[in-house]
Structure formats: C-alpha cells, structure tokens
Amino acid sequence: MKNPNIVLLGNPNVGKTSLFNRLTKLNQKVGNYPGITVEKREGTLKAHNKTYHIIDLPGTYTLFPNSLDEEIVFQILSDKNNPYHPDLTLVVAEPATIKRSIILYQQARELGIPAIFVINMMDEIESKGMQIDIQKLEVYLKTKVYKTNARTGKGIDELVAAFPQSPVTYFGNFQIPATYSAALDEAKRIFPLATEYLTWQYLAQERISSLTAEQQKALEEIRTKHQLNIHEMQKLESQIRHDAITEDLKPIIQKAENKKLNNTSKIDRILLHPILGYIIFFGLLFVIFQAIFAWSGPLMDWIDGLFADITEKLDAALPDGPLASLFIYGIVAGVGGIVIFLPQIVILFLFLSLMEESGYMSRVVFLMDRWLKPFGLNGKSVIPLMSGAACAIPAVMSARNIENPKERLLTMLVTPFMTCSARLPIYIVIIGLVIPETSVLGFNLQGMVLFAMYLLGIIGALGSAWILNKVIKSVRSSYLIFELPTYKAPDWKNVLTNVWDKASGFLWDAGKIILMISIVLWVLGNFGPNDKFYKADEYVTAMKPNLEEEQFDKEVASYKLEHSFLGYLGMGIEPFVRPLGYDWKMGIGLISSFAAREVFVGTMAVVYSLGDEVDIEDDGQKRSLLDKMRSEINANTGKPAYNMASGISLLLFYAFAMQCMATIGVVRKETGSWKWTLIQTLFMTGLAYVAALIAYQLLK
Amino acid sequence: MGLIIQYIIIFILFIGALYFIFKPFFSKKSNSGCGKGCSCDVKMDPKK
C-alpha cells in the first residue's frame, strides 16, 4: 500500500517550512518537481505504524495561480492522479494573517480535499493582541484546529496524532453567483466527477496543464459562448469570500493592540527610512560582500592547498600514463574547481537565509524595487547583482529568492556581467600592459581604468536587462504581491537546512556539468592530431638545441599546447578574432579561459614559455610575464601584440563575454533550460565581440 | 594497464562527457507545458 501523502499548504511566512522541518526532522530531501525548478521539499514521518510522505508545498496566497509555484500547488490539489495528491492536507496559518489562511482552507476543502487547520506561532497570539475562540473556529471550519509552535515543538505530537483521522464532509461558504449557472452546468458535463467548486476553478483559470487538450478546448468554448472573463470571476470570488469571512469571524477573533506589529513598525521607521534605510541596506551589502571576499579567502586557499596536496600525492602514487593524468589533472582538478566555490556559496546563503528568516528580505524588495523595476528586475535582484561582483556562481543561485519567473530569469541572465573576482587577474595584466602608469588629476590612471571596468560591468548588467526585458515576456500576466512580515529571530534549523540544500545542490547538479566540461577541455589540451604534439621535445631540440633543462621543459610545454587540439582550435578561430586585434596565441587563451577567465593568464604564461605556475600577485613573476607579453609581436599586423587597441579590445571582451563554464553550469541548473543558457552565452559573447571589434577598429 | 586500453577509456570518457553536455540539444522530450524550469513561464516575444 502506498505511503499516505500529507501536504502542507499555506501562505508565505506562516512558518510552514519550520513545521515541515519539525515533522520530518532529517528525513527530508529537497529537489525539483519533475522537469521544472520549482523547489520540492519532501520527507517522511513514521507514526501509527505507517510511513507518512510529507510534502511542503510552495507558499501561496490563493488557489488561482499567479506563478509557476502556485500552479504546482493547484495541480497537486486538483489532480487526483498527481503522485503528490494529498490524503490529508495541513492548512498552516499564523494568527496575524489567519483570515487569508481560512480563505485558502475553504478553497482547498471545496475542491474536495481532506484538510485540517493548523495555527502555527501560537505563542505570538498574545503579543499580536489577538484572542481566538478556538471552539467557535472549529465549528466554523468544520474541523479540529491544532495549535503548534514549530520552533519549540509544542503541539506537534497532538498534530501527528490526528494524521489517521478523516475530516468530516465540508460544504463551502462560497455560493457561485446564479449568472454563471448555465456555464457551470455545461462545464459539469465535461467533469462529472469534480466538485462544483473545482469545475468553477477550471472555468476561472486561463490554462490548467493537467487537463487534456480536448478538455481545455471545451472549456475555452464555454468561456467564449458565455462571455466569461476569468479575471472578473477570480475577483468576484475573492470579494465574496472576503466579505463573508470578515462578517463570520467577528464573533470568533478579537483584535486589540498588536504589540509585535508596533515593534515592527518602530524598526521599519529606521530600516525603511528614505535615506537611513538605504544606508543600512548598502552597509549590510558591504558586509556581505566583504565576507564573501575576505572570510572565504582562507577557506578557499585551504581547499586549493588540499587539492594541490591530493594532486601531488596521486601524482606520486599512480603509475605514469595518460589515464592517471586525466584522473589527476582533469577529474580531480575539475572536482577541486567545483569545491573551491563552496565557502562563498555557504557564506552568501547564510546571510540570505538570515535576511529571509528575520523578515528583512521583504524590506529589501520594498527599498530596491522602484530602482530596478524600469530594467525589468526585482528588488531582490540587488542581492545577486551585488554578490556577482565577488562570484557569479553563488550570485546566480541566490536569484532563487525571486518569486517572479521572468524577473528571476532576467536576473540570472545579467548577473554574470558584474565584474567578478576572476576577471581581476586579466584586468591587472592587460591594464598593466597597455595603460600608462601616470596620474590624471591626481589619480592613478591604471586605477581609474580598473574602476571603469567595474562600472562597465554594472552598465552591462542593467543595459542588458533593459534590452532583454523588451524581448522576453511572461506567459501569464504578473503583479508583485509581497507583505512586510513582522520581524522575528531566525530559526537556525531552517537557516542551516537552507544553506545545506543550496551547497549540496550546487556540488551535485552544477558540479556534474562543470566536471564534464573539465574532462573535454583536458582531452583537447592533452592530445594532438600529429607528431608535433607527441614528439614536441624532438622538435624543440631541433629548433633550439642549446636550452637549459628548465627552459627546455617550458618550451616543450608551450610547443605541445600550440600543437594540441586546443591549440589548433585557437588557430582555427584566428580568422574570427583577427578583426579584434588578436593572434592565434590569444585565441588559445580565449578558448582555454572558457573553463574560467583566470585561466587566460596561466595559459598565456604557458604559450609564452614561462611555465603554468605564474603567480600574478608575485611582483617578479608578474613583471616577467608583462615583459614577455610586451615584446610579443602579432604575426598578422607586425605590431606589438598587446598595444592600446588590442588591450582595450581584450578588456572589453572579458568584461562582457560568458567565459566561465561553472556559471554556465549553474545557469543551466537554475533555469532548467539549455535554451536560455545558450541564449545567455551567445548574447554575452556576441556583445563582447561587437564591443571589442568596435574598440579595436577605432583605436588601431 | 596497456596504453591502448588507457586511450580507449579516455576516448569513452571524452565521448561520454560530450554526450552529457550536448544531449539536451538532441532530446526529443516534449517541452510543452511547464517543462522548462523557471524559464517555463517566459518566452521570446515574437513581435520583437
């Protein structure tokens, strides 16, 4: 016999997830609903000699879907064949917003769903100045009402004890207006087994993905025949329910002064102040930004060192051969390239979870929404955009907090434009090469150019969002609904669970893609089509017979890279990069740095026979790389390869191009779509190409 | 392990990695309804 499904249904911010965590403890997993990236939380609970399958549905205000998340809720509740269709629904409410939760409860019951009512955060009832007559409420809702405090666990045992019960039959409050009777009667003939309210829902929604094409068509014909306006129907139902419930609850719920709301208002006077609010918010962002950069630094260095040790030990332990080399320098190095981002991801999501849990995130939306709205972004987009200045990978993942799918997608598409830390080594090298070390108006010119590159990242992100906002449209019309919840102390269990979910999701889902690209790039860089690759030492000896051993090894590495598949690809793209002022050596750098931008510097060091371990922070090594690059002549033009024109062109290319496979992997995971990942890569690289082309052609 | 066998394994891994990266482009799975992640709710505006 199948495990009974128990689903948690409720508005956002009612403590539904805390209750879920309390019920399932560690027996839970977070994934996505099949084929989509709506987060699915499910777990198990053993009680009454059964294993209950607990599902935490996305937070929703109504059963009329306004987003993909809400559509999932309706599908699960309305479709009996859905694998998550509930045997029992726990409608979770909190005292301050209980009226909205009762409407949701009534809608669920009228669909024919067995449901019980749970008031969470009962400890706050006094501070919120409320009195609820539970007995009267039970009579009104035709079910027992359970009172819980998910943070302390109070009331959970009583709730679990109620799982085997079957709620009594429910007859709803919502009387469908007689003007819709004819249309409803016709629709009932298509769905003879559905409740009247479910049939009404079918008529009042634009599209129901669980219905067949014929059923959808038949519904559309009824709507056309009876001139039904779905928005009018939804509005009418909300109005009727709202009016009825306001009257019905008068003898059940009494409200006096809401002390908690008063405290919240006092804090909001500071945090939402037109000037102080922004200063505090940007101050907090500064701290987050510092934490991602500074706190993660030692951990990242430790992980880097750990993988260097592992590589060294494996190198000594495994027998020489191409397979061992692939394992050590392709697979282990690939895994290292994924794990190294973990500290940044953990730190960022720790802050984001704390902001979300405390209620501050809603204030961020309120503060920033008006500034970002003209670009098609959301107030919450500011978090991914700002953290993108450290690293696009955790930044793209943090866009998950944005509920509106279009705004979430736009944010993910433009966040990689922000100047991430991986661009810094390239900027330092190229600026050092082509921008004179002089002062302008008392400021260091190189520093000003570096600052301009950061500004360019912001302009690139906002400008692209503005353009993409014009060409991407939402399938369903959307409006922003959000509430300013009362401030509360974060529930650490929720915070840690959330951080763990994000970190493990990144390691596993994005990690797979990054690892595969690492293997491909390793093979391309370590095999060649002819003898020049496999007998590089003989060719180098013939060309330069008097080299010392160390220099000979570097020359061989350079020669091998030139004649690897990767090298030939670099030469292959030369006709395309020549108009940008690059030669084939830079072409190799461009292709290899597709793995990660910072690889460009290392690759150029190998191409120029300096070995692959140039430390850009070491002044001596940096100088030798710059000297070598300065003396390099572009075979196509006969001029220095790195002059002002090609240098600016290269800076612009790296400012805009999507040269980071880890970001591609994360975008693929978060959008659930290769289509948008490809569009983003082509858009960014296309823009980079055009900007670099214009700059080179104007400056050469 | 013989060199040839090592090359064969590397070749299989390489092809496997390429297949993993590119298989979604050749997938015949229907993308109708909500099968496209968070981008399910958006599409390119045909008028632009």
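Helices and strands here are DSSP runs, with helices of at least four residues and strands of at least two, numbered from the N terminus. The model on screen is predicted.

**The two chains**

Start by colouring by chain. Chain A has 700 residues, of which 43% are buried. Its secondary structure comes to 31 helices and twelve strands. In chain A, 71% of the contacts with a separation of 6 or more join residues 24 or more positions apart.

Chain B has 48 residues, and 25% of them are buried. One helix and one strand make up its secondary structure. Now colour chain B by pLDDT. The average is 65, and 44% of its residues score at least 70. Select residues 28-40 of chain B: pLDDT stays under 50 there, and the model has 34 contacts beyond four places in sequence for this stretch. For the complex, the predictor gives an ipTM of 0.75 and a pTM of 0.68.

Strand S3 covers 39-47 and strand S4 covers 50-56, with A:His48 in the loop between them. A:Asn49 is found in that loop too.

A:His48 has a phi near 55°, a positive value in a residue other than glycine. A:Asn49, not a glycine either, has a positive phi of about 60°. Are they buried or exposed? A:His48 counts as exposed because it has 12 C-beta neighbours inside 10 Å, and a residue is exposed at 12 or fewer. A:Asn49 has 6 such neighbours and therefore counts as exposed.

**A:Asp133**

Select A:Asp133, in the loop between strand S7 (130-132) and helix H4 (134-141) of chain A. With 14 C-beta neighbours inside 10 Å, A:Asp133 counts as partly exposed.

**Spans marked in UniProt**

An unreviewed UniProt entry places the feature "transmembrane region" at several spans of chain A, including 326-354, 506-525 and 648-667. Select residues 326-354 of chain A: the span is 93% helix and 0% strand, and its end C-alpha atoms lie 41 Å apart. Move on to residues 648-667 of chain A, where the chain is 80% helix and 0% strand, with 28 Å between the end C-alpha atoms.

**Helix H14**

Select residues 360-372 of chain A, which form helix H14. How far apart should the ends of its 13 residues be? At 1.5 Å a residue the helix should span 18 Å, and its end C-alpha atoms are 18 Å apart, which agrees. H14(A) has a kink of about 30°, centred on A:Phe366. The buried residues of H14(A) are A:Met361, A:Arg363, A:Val364, A:Val365, A:Leu367, A:Met368 and A:Leu372.

**A:Phe506 in helix H20**

Next, select A:Phe506, in helix H20 (residues 492-526) of chain A. A:Phe506 counts as buried because 27 C-beta neighbours lie inside 10 Å; the cut-off is 20 or more. Which residues does A:Phe506 contact, leaving aside neighbours within four places in sequence? They are A:Ile345, A:Met397 and A:Gly511. Also show A:Ile338, which is 168 residues from A:Phe506 along the chain, with 8.6 Å between their C-alpha atoms.

**The nonpolar cores**

Select A:Leu652 and A:Phe656. These are the residues with the most contacts inside the largest nonpolar core, which has 118 residues. H20(A) gives the largest share of this core, twelve residues. Apart from this core lies another, of 52 residues, among them A:Leu23, A:Val92, A:Ile103 and A:Ala204.

Return to A:Phe656 and show its surroundings. Not counting residues up to four places away in sequence, A:Phe656 touches A:Phe417, A:Gly460, A:Met684, A:Leu687, A:Ala688 and A:Ala691.

**Helix H26**

Finish at residues 584-592 of chain A, helix H26. Nine of its nine residues are buried, so H26 is largely enclosed by the rest of the structure. The buried residues of H26(A) include A:Trp584, A:Lys585 and A:Ser592.

Notes: Residues are numbered from 1 along each chain as its sequence is written. Chains are lettered from A and ligands numbered from 1 in the order in which they are written. This is a predicted model: local features need pLDDT of at least 70, side-chain atom pairs count only at pLDDT 80 or more; totals for chains, interfaces and linings use all residues. The expected span of a helix is 1.5 Å times one less than its number of residues. The bend at a residue is the angle between axes fitted to the seven residues ending there and the seven starting there. Two residues are in contact if their C-beta atoms, placed from the backbone, lie within 7 Å. pLDDT is the predictor's confidence in each residue, from 0 to 100. UniProt positions are given in the numbering used here, feature names are shortened, and annotations may be inferred rather than shown by experiment. A nonpolar core is a set of buried Ala, Val, Leu, Ile, Met, Phe, Trp, Tyr and Cys residues joined through C-beta atoms within 7 Å.
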